[in-house]
Amino acid sequence: MQKAVIKQVSFPKRKRIIVISDIHGHLQNFQNLLKKVSFSKEDILVIDGDVLEKGPQSLATLRYVMQLAKEYTVYQVLGNNDWLWDELETEDKQANEDLLGYMLSRKSIFNEMCMELGIEVSEQMDVTAMKRQLKAAFQAEWDYLRELPDILESEHYIFVHAGIESEDLQQQEKIKCVKNDWFFSREISFSRWCIVGHFPTCLYDKEKIDCTVLIDRKRKLISIDGGCVVKNSGQLNALIIPEDGSEEFIWDCVDDLPKTVAVQAQSASEQAHSIHWPDNVVQVIKQEGDLSLCRAENSGIEMWIPSSLLVEWRGKMYTDETTDYQLEIDAGDEVSIVARTSRGALVKKNGLLGWYFGALEDITENK
């Protein structure tokens, strides 16, 4: 068992602690969120893992964080998508094939590094040679990632990317710290606050889809991953702790969805049904324009889904997180647009996803 690496820290009083996780290479969202919460040298920034992968600018985001760490008070723990250097340490044939398959299927930091070096990523590339070049050319980046702890421990808080099995931190297994799905659903509690990311908060409510920060005061457990990049309706959340020892938590967020203002008010629907990963295989019953009437394969739930949220893969149809819930909206409310359709818009208000059937007035694009 590879044990977790723990970093102990003492936070000074009267300094805000801003906690952000799961940036996933979305540099613009990260910069916008820091600006929105007015991050300054008077604050402490804790990055709770997964700076890298899945998003558009992993390498640039990593370098931005490295520069922040030189100029500001920044702590970062390792996430499963940051734990990449092992990929470069082996010349095993199968490992090379797996890495190449990964690079051919998505835009990774490995692809970005290759692009910077002028290396073409193709099925015919020499993976062993590529690994050696990346290790040599990006030594500072790899060294930074290797030195990240798995757990950041202070008097009042434990920061870990995915979860821990107990407060006996010396006995924690590294892999479970960085990958621990459905952690917020487990029957586990703490004597000091445990703050995690890794698993989008929108997956925990089976009736509605809500990307907001989850705070369980009884168990002293907080989950902050807003699904940035990985969900169409996702956002980047920041948990704000006013000062060390405080439990007066607040949070803020940004996303890169188009912003509009609701012209008319509408009431919330009494019931809500949602389709969530991993039970998001659907069967299309019929199509009408830009909407598809679908039945969820496992639950049998039927709802109209924007056709833009449907993806066919290996002979099955999948949908991103979607819902039939009608949001409560007041005239003048700002909402984020997830999908426009001929019957209405799937929008997000304060992190909660739902339908709006009134008129919308555009105010910005990709604010």
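By class, four nonpolar, five polar and nine charged residues make up the lining of the second largest pocket. Here Ala, Val, Leu, Ile, Met, Phe, Trp, Tyr, Cys and Pro count as nonpolar, Asp, Glu, Lys and Arg as charged, and the others, Gly among them, as polar. The model is predicted, so local features need pLDDT of at least 70 and side-chain atom pairs count only at pLDDT 80 or more, while totals for chains, interfaces and linings use all residues. Residues are numbered from 1 along each chain as its sequence is written, and side-chain values use heavy atoms, with hydrogens and water left out.

## Pockets

A pocket is an open set of points on a 1 Å grid over the protein atoms alone, where a 1.4 Å probe fits, with protein on both sides within 12 Å along at least five of seven lines; lining residues have an atom within 4 Å of a point. Grid points are joined across faces, edges and corners, and a volume is the space filled by probe spheres set on the points.

The second largest pocket holds about 410 Å³ of space. Among the 18 residues that line the second largest pocket, Lys36, Cys253, Val254, Lys259 and Glu334 are the closest to its centre. The strand β11 gives the most to this lining, with four residues. Helices (H or I, at least four residues) and strands (E, at least two) are DSSP runs, numbered from the N terminus.

The largest pocket has a volume of about 1,300 Å³. Of its 40 lining residues, Lys54, Arg106, Val230, Lys231 and Trp277 are the closest to the centre. The largest share of this lining, four residues, comes from α3. The lining of the largest pocket divides into 17 nonpolar, nine polar and 14 charged residues.

## Aromatic rings

Rings of Phe, Tyr and Trp (its six-membered ring) pair if their centres lie within 6.5 Å; planes under 30 degrees apart count as stacked, over 60 as edge-to-face and the rest as tilted. The count by this rule is 15 aromatic pairs. Trp355 and Phe357 form a stacked pair, because their ring centres are 6.0 Å apart and their planes lie at 5 degrees.

A charge sits over a ring if NZ of Lys or CZ of Arg is within 6 Å of the ring centre and within 35 degrees of the ring normal. The table gives these contacts.

| Charged residue | Ring | Distance from ring centre |
|---|---|---|
| Lys174 | Trp83 | 5.2 Å |
| Arg219 | Phe184 | 4.9 Å |
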